[in-house]
Amino acid sequence: MSSVTLHNVNKVYADGLHAVRGVSIEVADGELVVLVGPSGCGKSTTLRMIAGLEEITSGEVRIGERVVNGVAPGKRDIAMVFQNYALYPHMTARKNMAFGLRMRRTPKREIERRVGEAAALLGIEELLDRRPGQLSGGQRQRVAVGRAIVREPAVFLFDEPLSNLDAKLRGDMRTELAALHRRLGATMIYVTHDQVEAMTLGDRLVLMNEGVVQQVGPPLEVYRRPANRFVASFIGNPAMNLLEGRVEAGLFTAGQARCPAPRVPDGPAVLGVRPEDVTIGAVEGERLATARVAAVEPLGHETLVHCRLGDSEWIARIDAGAGAPPIGEAVALSADGDRVHYFAATASGERLGPVD
Ligand code: ADP
């Protein structure tokens, strides 16, 4: 097992596109770190530079103590699992899993032992003599993960491994991968655009946008204290409600909406409240604004109430049993003071406090 360190890593593609900008990440030995962000933000490029499949334009990648910038992929002691499985169609699952070891001239008995152990771990012993065409998507992905496990690499790299699976299977495989990580205690770097995978799988997540790291931290910390407006709106579903306005002398205002903003500097600002932190109905002293109910979505375990607030739409997440207000009704929206976030009204939109 091994740590992975990226120091000020950049990737400029031949066409001049600066896809990864000054990325520095430290993945500890045995840690599972998720790289997450919207499509095109540079996640795969970053992972492929760690794997050696993409040249590093500048900066340094280390696996353990060793700088691997110039090291060929096969010599980096990593194993990668891809979205499209990349299995050989004419080989059985067993041969697919054994292939890399055979190429490295691992003794036959050792190959059999490792393939047997990995198959048992993944529950695919019965499937070892089938070819990929005779396996379901989930089974194929297990074989692809098995092929990585038998290599006993220092680092596992996953590039959107579950994206080709249906929602139910994706959920199951997510749980399996988390369990696998705990059992192997292996260093893993996992790329996904799916924030649910990022929240549930990672010890820490690294959130990227436009080639730049926006925030690094444990999932719940990122959820509770987003570093900027981009993070606030990317993590969380439905997204955090936002309202553009001004702060003056500790008071935020936007149209008729107002909210105490202690320790937030005067000037333009964006207020943010997560849907679960919005209360419908006036709470003494905490009323934020009056809004009109535009739509109600009962989801069974909870209800989403969409409200028009000035030019923006706000969503309140309420208990299914709480009784939603009728569409068209004017309601008071409230939020607990310590659940209100403020961001700069600039392109970077950094968090403005309150300062802890
Ligand atoms: P993500 O994995 O976050 O979806 P990628 O790392 O695949 O993003 O891509 C980052 C940016 O680099 C995108 O704008 C993409 O179009 C571009 N890109 C990816 N591969 C190449 C390439 N081989 N040549 C030029 N541009 C590329």
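Q: What do buried, partly exposed and exposed mean?
A: Buried means under 20% relative accessible area, exposed means over 50%, and partly exposed lies in between (1.4 Å probe, protein chains only). Take Ala249. Its relative accessible area is 73%, so Ala249 is exposed.

Q: What kind of model is this?
A: This is a predicted model, where local features need pLDDT of at least 70 and side-chain atom pairs count only at pLDDT 80 or more, while totals for chains, interfaces and linings use all residues. Residues are numbered from 1 along each chain as its sequence is written, and side-chain values use heavy atoms, with hydrogens and water left out.

Q: Where does Ala249 lie?
A: In the loop between β11 (241-248) and β12 (251-254). Helices (H or I, at least four residues) and strands (E, at least two) are DSSP runs, numbered from the N terminus.

Q: What about the phi of Ala249?
A: Most residues other than glycine have a negative phi, and most peptide bonds are trans. Ala249 has a positive phi of about 50 degrees, although it is not a glycine. Ala86 also has a positive phi, about 50 degrees, and is not a glycine either. Ala86 sits in the loop between β6 and α2. Its relative accessible area is 37%, so Ala86 is partly exposed.

Q: Which peptide bond is cis?
A: The one from Asn237 to Pro238, with omega near 0 degrees. Pro238 is placed in the loop between α8 (229-234) and β11.

Q: How do I read a salt bridge, and how many are there?
A: Side chains of opposite charge can pair when their charged atoms come close. The rule here asks for a side-chain nitrogen of Lys or Arg within 4 Å of a carboxyl oxygen of Asp or Glu. That gives 17 salt bridges. One of them joins Arg48 and Glu54, at 3.5 Å from N to O. Arg48 is partly exposed at 27%, whereas Glu54 is buried at 19%.

Q: How far apart are the closest N and O atoms of Arg113 and Glu110?
A: They are 2.8 Å apart, in a salt bridge. Both residues belong to helix α3 (residues 108-122). They are three residues apart, about one turn of the helix. Arg113 has 37% relative accessibility and is partly exposed. Glu110 is partly exposed too, at 24%.

Q: Which parts does the salt bridge of Glu152 and Arg114 tie together?
A: First, the distance: N to O is 3.7 Å for this salt bridge. Glu152 lies in the loop between α4 (137-150) and β7 (155-159), and Arg114 lies in helix α3, so the pair ties together parts 38 residues apart in sequence. Glu152 is partly exposed at 46%. Arg114 is buried at 15%.

Q: Which residues are linked in a network of salt bridges?
A: Glu110, Arg113, Arg114, Glu117 and Glu152 are linked in this way.

Q: Which residues surround the ligand?
A: Look for residues with a heavy atom within 4 Å of it. Among them are Tyr13, Asp15, Pro38, Lys43 and Thr45.
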